[in-house]
Amino acid sequence: MTTEIPPVESPAPVLLLGDPLLRTVSAPVTDFKAPAFELGRGRLQATLADFRRKHGFGRAISAPQIGIARRFIAMDLGDGPRLIVNPVVTWSSRERLTMWDDCMSFPSLLVRLERHRSISLRFQDETGAYHEWERLDLATSELLQHELDHLDGVLAVDRALDRESIVMREVFDAQRLRFVAMVDYVIGGADAPAASSGSP
Ligand SMILES: [Zn+2]
């Protein structure tokens with residue numbers, strides 16, 4: 001069971017590329033009743049909700065992006081807020097694909113990189129209960145690979161495939177067809193291949 005946490009805390013500023021806190025390897029959450037964890041998860045969920053309200057998109061944010069060096073992620077795939085704590089990838093598909101990725105910590109950039117098409121994940125929720133998601137669909141898989149990287153201080157720009165693979169968003173938008181033709185998958189795009197079934 002997932003307990004919904006209302007975003008009672010105020011949103012925090014999202015740290016931007018260059019901030020050393022984005023490069024921290026975060027520590028596991030061990031005390032699920034610690035006031036610092038409760039405050040932190042409330043702030044993270046409030047930050048995601050605020051971003052979604054202002055920009056109309058934004059599916060997830062990781063704790064280090066607001067300066068909390070702990071391994072948890074706030075996620076909302078449109079079906080309400082969810083907290084992913086201490087996630088571990090238990091399986092990755094052999095199949096990989098290329099895509100243009102973006103990040104709230106460098107919103108004006110797109111980065112061409114490679115992700116596994118599917119992963120399985122073991123994680124805890126905000127109460128500490130364990131969950132397993134098997135062979136997730138493409139959209140959720142690539143999102144979680146991005147967020148898990150944040151927990152290790154790794155950013156999408158680190159995974160750029162070559163020197164043509166970091167692009168300003170305005171250039172991308174102006175020449176969208178050319179850039180889309182360079183990848184296998186586009187986030188939220190009608191031109192994206194059908195995602196395989198899975199949960200959530
Ligand atoms: Zn990011």
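Asn86 is partly exposed, because 19 C-beta neighbours lie inside 10 Å and the buried class requires 20 or more. In this predicted model, Asn86 is placed in strand E3, which covers residues 81–92. The phi angle of Asn86 is near 50°, a positive value in a residue other than glycine.

A positive phi in a residue other than glycine also occurs at Arg135, where the angle is near 40°. Arg135 belongs to the loop between strand E7 (130–133) and helix H2 (138–151). With 16 other C-beta atoms within 10 Å, Arg135 is likewise partly exposed, since that class lies between the exposed limit of 12 or fewer and the buried limit of 20 or more.

Nonpolar side chains tend to be buried together in soluble globular proteins. In the present model, the largest nonpolar core comprises 25 residues. Phe72, Ala74 and Ile84 have the most contacts inside this core. Two or more residues are contributed to the core by each of the following elements: helices H1 (35–55) and H2, and strands E1 (60–62), E2 (72–76), E3 and E6 (119–124). Apart from this core lies another, of 8 residues, including Trp100, Leu113, Ala156 and Val183.

The surroundings of Ile84 were examined with neighbours within four places in sequence left aside. On that basis, Ile84 is in contact with Phe72, Ile73, Met75 and Phe123. Of these partners, Phe72 is also listed among the residues with the most contacts inside the largest core.

Note on methods
Residues numbered from 1 in each chain as written. Predicted model: local features only at pLDDT ≥ 70, side-chain atom pairs only at ≥ 80, totals over all residues. Helix = DSSP H or I, 4+ residues; strand = E, 2+ residues; numbered from the N terminus. Core = buried A, V, L, I, M, F, W, Y, C linked by C-beta atoms within 7 Å. Contact = placed C-beta atoms within 7 Å.
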